[in-house]
Structure formats: C-alpha cells, structure tokens
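Please open the structure in a viewer and keep the selection tool at hand.

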Amino acid sequence: MPAEPSSALPASPPLTERQEARRRRILHASAQLASRGGFDAVQMREVAESSQVALGTLYRYFPSKVHLLVATMQDQLEHMHGTLRKKPPQGATAAERVAETLMRAFRALQREPHLADAMVRALTFADRSVSPEVDQVSRQTTAIVLDAMGLENPTPEQLSAVRVIEHTWHSALITWLSGRASIAQVKIDIETVCRLIDLTAPEADS
C-alpha cells in the first residue's frame with residue numbers, strides 16, 4: 001500500500017516509557033543476532049525470546065524482519081549521530097567534514113560487517129510497506145550530513161547534493177560488503193562526491 005504524505009497521516013501516539021523500553025530491547029536483540037550471523041540469523045522468534053517479549057507483541061512493533069532491520073539501521077545511525085556530535089569532524093571545509101563524517105560512519109559499520117550486511121540487505125529488500133522506516137533512515141542520514149556541513153537552512157541545490165552523497169555512500173557500502181571495492185576506493189569515491197558540496201554552495205553560484 002503506498003505511503004501517504006505525512007501531513008495526511010494522523011500523528012502516532014508517543015510510546016509510553018514501558019513501550020519504549022520494550023522497543024529498545026527488541027532493537028538490541030536484533031543488532032546482537034545480526035552481528036553474530038548476518039541477515040539470516042535474525043529470526044523473529046529468536047528476537048522475541050532474546051528481548052523477552054511475546055512473538056505477537058514483536059510483530060505489532062515490527063511487522064516483518066525487514067521492518068525490524070531497517071529500524072535497527074535507523075537506531076544505529078542515531079547512535080552514530082550522537083557520537084559525532086560529541087566529537088565533530090575537524091575538516092576546514094564542509095566537503096572535508098562530510099567526507100570525514102561518512103568515513104567514520106563507514107568504519108563503524110566495518111567493525112560489524114555481519115550487522116552492516118543485514119541492515120543493508122533489509123534496505124535493499126524493503127518494499128513500499130517499509131517506506132516510513134526507510135524514510136527515517138534517510139532523514140537520519142541527511143541530518144548527519146547537514147550537521148557536518150554546519151547547515152540549518154540548506155538550499156534546494158544543497159539538498160540535492162546531499163541526496164547524491166547519500167546514494168553514493170549507500171552504494172559504496174554495498175560494493176564493499178560484496179567484496180567489489182576496497183576501503184581505499186570507498187574513501188576516494190566519498191571524497192569525490194563530497195566535492196558537490198563546494199559546487200552547490202551559494203557563493204559558488206555568484
């Protein structure tokens with residue numbers, strides 16, 4: 001079923017403290033299982049047992065394994081964002097800071113290759129029913145990039161550049177996970193695409 005524009009959807013009631021704690025246990029269990037064995041190791045029954053929730057309850061939070069693993073990626077990115085805010089990138093230009101930020105995020109995923117593979121496969125398998133979760137991953141990635149750029153009100157051109165950078169980062173992650181690109185090549189690709197930031201800066205148009 002196609003996702004409706006957010007303005008047409010009624011606001012979901014916020015989770016209670018108990019519900020939020022349950023959701024966090026589920027996401028933690030998902031990440032732990034994926035870290036050990038990748039996508040195939042994340043079985044909903046095992047996630048329910050590890051997080052100490054009923055299987056029916058788990059499916060109310062996450063209708064499928066793909067929903068769960070995409071939400072796990074959003075959670076991992078949120079954690080990375082917090083870490084990056086505590087220790088922001090030091091590059092002299094916005095392009096350098098974004099490249100540094102994305103490589104730090106990449107290396108964090110590199111330390112957990114099974115988890116990274118599971119989350120990326122879930123994103124690849126996601127259909128329209130997972131659109132809200134995929135949108136959250138995209139918004140989180142955009143927020144990370146904009147923070148590194150030091151922008152609060154990006155222009156349409158800058159947002160377009162950010163989208164291209166995100167696509168490249170995601171593609172680089174896939175090619176590395178499949179053994180078709182080295183870390184050195186990923187770094188070159190990320191640094192190259194980040195030059196779009198300088199090209200779309202307002203002063204570059206004058």
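Begin by selecting D117 and R121, whose side chains meet in a salt bridge with an N to O distance of 3.9 Å; the term denotes a side-chain nitrogen of Lys or Arg within 4 Å of a carboxyl oxygen of Asp or Glu. The two residues are four positions apart in helix α6, so about one helical turn separates them. Helices are DSSP runs (H or I, at least four residues), strands likewise (E, at least two), and both are numbered from the N terminus. D117 is partly exposed, with a relative accessible area of 25%, and R121 is also partly exposed, at 28%. Here buried means under 20% relative accessible area, exposed means over 50%, and partly exposed lies in between (1.4 Å probe, protein chains only).

Some notes on the model are needed before the next stop. The model is predicted: local features need pLDDT of at least 70, side-chain atom pairs count only at pLDDT 80 or more, and totals for chains, interfaces and linings use all residues. Residues are numbered from 1 along each chain as its sequence is written, and side-chain values use heavy atoms, with hydrogens and water left out.

How many salt bridges are there by this rule? The count comes to six. For another of them, select E100 and R104, where the closest N and O atoms are 3.7 Å apart. Both residues lie in helix α5, four residues apart, which is about one turn of the helix. E100 has a relative accessible area of 28% and is partly exposed; R104, at 24%, is partly exposed as well.

Next, select E20 and R24 in helix α1. Their side chains form a salt bridge of 3.9 Å, N to O, and the residues are four apart in that helix, separated by about one helical turn. R24 is partly exposed at 40% relative accessible area, and E20 is partly exposed at 30%.

Now extend the selection to residues 20-80. An unreviewed UniProt entry annotates these residues as "domain: HTH tetR-type"; positions from UniProt are given in the numbering used here, feature names are shortened, and annotations may be inferred rather than shown by experiment. The end C-alpha atoms of this span lie 19 Å apart, and the span is 80% helix and 0% strand.

The tour then turns to aromatic rings. A search of the whole structure finds two aromatic pairs. Rings of Phe, Tyr and Trp (its six-membered ring) pair if their centres lie within 6.5 Å; planes under 30 degrees apart count as stacked, over 60 as edge-to-face, and the rest as tilted.

Select F39 and F125, an edge-to-face pair with 5.4 Å centre to centre and 80° between the planes. The pair links distant parts of the chain, 86 residues apart: F39 is in the loop between α1 (17-37) and α2 (44-51), and F125 is in helix α6 (residues 113-125). F39 is buried, with a relative accessible area of 9%, whereas F125 is partly exposed at 45%.

Proceed to F106 and W176, also an edge-to-face pair, with 5.3 Å centre to centre and 65° between the planes. This pair too links distant parts of the chain, 70 residues apart, with F106 in helix α5 (residues 94-110) and W176 in helix α8 (residues 156-177). Are these two residues buried or exposed? Both F106 and W176 are buried.
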